[in-house]
Each structure stands twice: as structure tokens, then as C-alpha cells.
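Visitor: I am new to this structure and would like to know what the terms used for it rest on. Please show it to me first.

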Number of protein chains: 2
Amino acid sequence: MAPNIFKNESDVVGFKQGDSIFGPGDPGELMFAVKSGEVDILIHDIHVETVSEGGIFGEMGLIEHKTRSGRAVARTDCELVRVDEDRFMTLVKYNPFFALEVLKVTTARLRRMDDRLKPPDGAEA
Amino acid sequence: MAPNIFKNESDVVGFKQGDSIFGPGDPGELMFAVKSGEVDILIHDIHVETVSEGGIFGEMGLIEHKTRSGRAVARTDCELVRVDEDRFMTLVKYNPFFALEVLKVTTARLRRMDDRLKPPDGAEA
């Protein structure tokens, strides 16, 4: 997120290194913003991303009202801001560029996932 | 896109079935909205999606200012609305829920891509 709108948030929750933040099948009603520390994101147990300070994750469950498909694990001790749907929609309504920032994040993720999609007869495994 | 804001657009471009709309390496300065017909999206020559009336594609290039990673081919004769960055940013500014609609589209795409990511020791090829 370019302008870190969650930087001065006081309503944070702490996790210890190695803690599971969410896993596949968990309800997906929250997005998280990283206030400090780092979080690993795994899809089908494959590490796809490390989210650090100022970054967000878990937006997919919140936007789609679906259960988690991925797993989030505290890579280090970390502090996270929990953003529920009401807060998210308020941010979208009063700051249209907030949605654009989230869109940039998901777009970058989509490009990385596209890059992982190898042709079925690709030379390498 | 839930409310099809491009439905009454008159500035459309037509493609014939089989026409290439863009391919890998092409400049990515436009997003397209499908006014009529269907468009196939391929990543690394793997078909990942068919976009039909009311849908959008190509938003990734516009948002990231990068060249195309995928290929878009007219599945049927189709009419497309071209949305450049100025238009896109105006839509975001004056209709915050436009960005949210685009976000829903990219999120659904990301979930589908995540579903394609198989474990390296997965049982099936």
C-alpha cells in the first residue's frame, strides 16, 4: 500500500513467530494490514509471498465472502491490523484510491501467479 | 462487472472470431470491456478464462504499466470498449465502487489461479 493508511492504527493484534494467522477452510471475513513484522503466505503449502510492514493480505476472503484457500503464518513476531468488511467498505467509499491500492496489490499477485503457470509440456518441472 | 457501466458505450472496436486482441509483450495501456461476444484469455498458451458480455480484461497491464503477459483472442465476433488510463482513473475517482468491481474481478481470477497451483508432489500431473 503506497500511503500506509494503517500506520497509526492502535487496534492491533500480535502474533508470535510461527503462529498460524489463518488456514484453508477458515472463515475469510477479515483483511489484515501488517503494522510490524513479516507474514508468509502459502497456497497449497507452496510459499508464494512474504508480506511485510505496510502490506496487506487476506483481502480475497473479505471481498469474495469465501473461506480461506491459503495459509498465513507469522514469519517473525508481528503486529497486524484487522480490517472487517464495514471498515473496508467505508475506506472504499471515502477514499476511492484505497480500492485502487488494494487493486494494485491483487494485480501484482495475479501476475506472479500467472508467471507460475507453466505450459504442460514445459522443459522444467 | 455487476452494474455494466460500459453497456451504452458507443466508442467500440470490433473483432472477428479468431482475431488476436493482444499477445505477450504487447504494450498494456488499455483495459477492455466486452460489449458483445466472447474473448478467450490464455496464459502461457493455457486457456484460463472466457470473458463474456459485461466482463473486463486487460486491467493488469493498465494498472501495472507493464507489457502483456497473457494473450486475448476473440472467441466469437465481438465488440469491445477500450478504457485508457485517464478514463480508468476518472472512473475510480468519481465512482469508488468501480475500483471495487474491478477488484472483485481480479480477486476471482487470483482465486482461480491459486486453485491451479498444485503441490510439487501432487498425485496428478
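**Terms and values**

Visitor: What makes the pair Glu64(B) and Arg111(A) a salt bridge?

Guide: The closest N and O atoms of Glu64(B) and Arg111(A) are 2.4 Å apart. A salt bridge is a side-chain nitrogen of Lys or Arg within 4 Å of a carboxyl oxygen of Asp or Glu, so the pair counts as one. The rule finds two salt bridges across the interface of chain A and chain B.

Visitor: What kind of model is this, and how are its parts numbered?

Guide: This is a predicted model, in which local features need pLDDT of at least 70 and side-chain atom pairs count only at pLDDT 80 or more, while totals for chains, interfaces and linings use all residues. Residues are numbered from 1 along each chain as its sequence is written, chains are lettered from A and ligands numbered from 1 in the order in which they are written, and side-chain values use heavy atoms, with hydrogens and water left out.

Visitor: How many residues of chain A and chain B are in contact with each other?

Guide: Contact means heavy atoms within 4.5 Å. By that rule, 36 residues of chain A are in contact with 36 residues of chain B.

Visitor: What is the area buried between chain A and chain B?

Guide: It is about 3,400 Å², with carbon and sulfur atoms giving 74%. Buried area is the accessible area (1.4 Å probe) that two parts lose on being put together, summed over both. In chain A, the residues that lose the most area to chain B are Leu110(A), Arg111(A) and Leu117(A), together 21% of what that side buries.

Visitor: Why is Asp40(A) called buried?

Guide: Its relative accessible area is 14%. Buried means under 20%, exposed over 50% and partly exposed in between (1.4 Å probe, protein chains only), so Asp40(A) counts as buried.

Visitor: What makes Asp40(A) and His47(A) a polar contact?

Guide: Their side chains are joined at 3.0 Å. A polar contact is a pair of N or O atoms within 3.5 Å; within protein, one must be able to donate a hydrogen and the other to accept it, and residues adjacent in sequence count only if both atoms are side-chain atoms. The side chain of Asp40(A) also makes a polar contact with that of Arg75(A), at 2.9 Å.

Visitor: Is Cys78 buried or exposed in chain A and in chain B?

Guide: Cys78(A) has 4% relative accessibility and therefore counts as buried. Cys78(B), at 5%, counts as buried too.
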